[in-house]
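These are my notebook entries on a single chain, written down as I looked things up.

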Amino acid sequence: MSHDFEGSIAVRGGFIEVHMQSRSLDDSGADRWCTWAREAVPAFVRRHSLSRRQDGFLAAREVNFSSNTLGDHGMTAVLRLLYGLKIGVKVLKLFKNSLGRAAASALMDWLVVTPVAVLELHLSHNYIPR
């Protein structure tokens, strides 16, 4: 299972990035990624000596889950994982998925409690009602 996700995290300019775009990832795939990332991301952070902010959070340059089939459950799982690992995100790309009202609500909650300011949030081509 881990070999599917090995290339999904990288460092650029001293910041971690997550590249999970265009992988046909649905909610169960997101659950599998979260299970893998729960151990792999902290090990990656240690291996690359990435420094955390004073509040303990790590600022990710970009997290990209665009062009998948993620639904509310999968997106909520990813947001819980990011918060649990104390990872904030500067650019969050979630366009072209199957996100609805529950994912939008989870995203709002995550934005409120995560101390790293989100500079870009890409949500087009989902099912979030106006």
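This is a predicted model: local features need pLDDT of at least 70, side-chain atom pairs count only at pLDDT 80 or more; totals for chains, interfaces and linings use all residues.

Leaving aside its neighbours within four places in sequence, with which residues is A106 in contact? Once the neighbours within four places in sequence are left aside, I find A106 in contact with T76 and L79. I located A106 in helix α3, and I put it down as buried because its relative accessible area is 17%, which falls under the 20% cut-off. For T76 I also looked up the separation from A106: the two are 30 residues apart in sequence, while their C-alpha atoms are 6.0 Å apart in space.

Entry 2, the contact of α2 with α3. I next asked how the two helices lie against each other, and I kept in mind that two packed helices are described by the angle between their axes and the distance between the axes. The axes of α2 and helix α3, the latter covering residues 101–113, come within 8 Å and cross at roughly 10 degrees. That angle is under 35 degrees, so I recorded α2 as roughly parallel to α3. The crossing of these two helices, α2 and α3, is left-handed. From α2 the contact is made by D72, M75, T76, L79, L82 and Y83, and from α3 by R101, A102, A103, A106, L107, W110 and V113. Sorted by class, the residues in the contact of α2 with α3 are 10 nonpolar, 1 polar and 2 charged.

At what angle do α1 and α2 pack, and how far apart are their axes? I read an angle of about 15 degrees and axes 7 Å apart. With the angle under 35 degrees, α1 and α2 are therefore roughly parallel to each other. I noted a left-handed crossing for α1 and α2 as well. On the α1 side I listed D27, A30, D31, W33, C34, A37 and R38, which meet D72, H73, G74, A77, V78 and L81 of α2. By class, the contact of α1 with α2 divides into 7 nonpolar, 2 polar and 4 charged residues.

Entry 4, the aromatic rings. I then turned to ring pairs, of which the count comes to 4. W33 and W36 make a tilted pair, with 6.4 Å from centre to centre and 50 degrees between the planes. Both of these tryptophans, W33 and W36, lie in helix α1 (residues 27–47), where they are 3 residues apart, about one turn of the helix. Why does the pair of W33 and F65 count as edge-to-face? Their ring centres are 5.2 Å apart and their planes stand at 85 degrees, which is over 60 degrees, so the pair is edge-to-face. This pair links distant parts of the chain, since W33 is in helix α1 and F65 is in the loop between β3 (58–64) and α2 (72–84), 32 residues away. I counted W33 as buried because its relative accessibility is 1%, and F65 as buried because its relative accessibility is likewise given as 1%. Taken together, ring pairs link F5, W33, W36 and F65 into a cluster.

Where is S67 found? I placed it in the loop between β3 and α2, and its phi is near 55 degrees, a positive value in a residue other than glycine. S67 is partly exposed, because its relative accessible area is 28%. H125 also has a positive phi, about 60 degrees, although it is not a glycine. H125 is found in the segment after β5 (120–122), and I marked it as exposed because its relative accessible area is 58%.

Definitions and conventions:
Residues are numbered from 1 along each chain as its sequence is written. Side-chain values use heavy atoms; hydrogens and water are left out. Rings of Phe, Tyr and Trp (its six-membered ring) pair if their centres lie within 6.5 Å; planes under 30 degrees apart count as stacked, over 60 as edge-to-face and the rest as tilted. Helices (H or I, at least four residues) and strands (E, at least two) are DSSP runs, numbered from the N terminus. Buried means under 20% relative accessible area, exposed over 50%, partly exposed in between (1.4 Å probe, protein chains only). Axes are lines fitted to C-alpha atoms, for helices over the stretch in contact, and angles run from 0 to 180 degrees between N-to-C directions. Angles under 35 degrees count as roughly parallel, over 145 as roughly antiparallel, 65 to 115 as roughly perpendicular and the rest as oblique. A crossing is left-handed if the near helix is turned anticlockwise from the far one by less than a right angle, and right-handed if clockwise. Contact means heavy atoms within 4.5 Å. Ala, Val, Leu, Ile, Met, Phe, Trp, Tyr, Cys and Pro count as nonpolar, Asp, Glu, Lys and Arg as charged, and the others, Gly among them, as polar.
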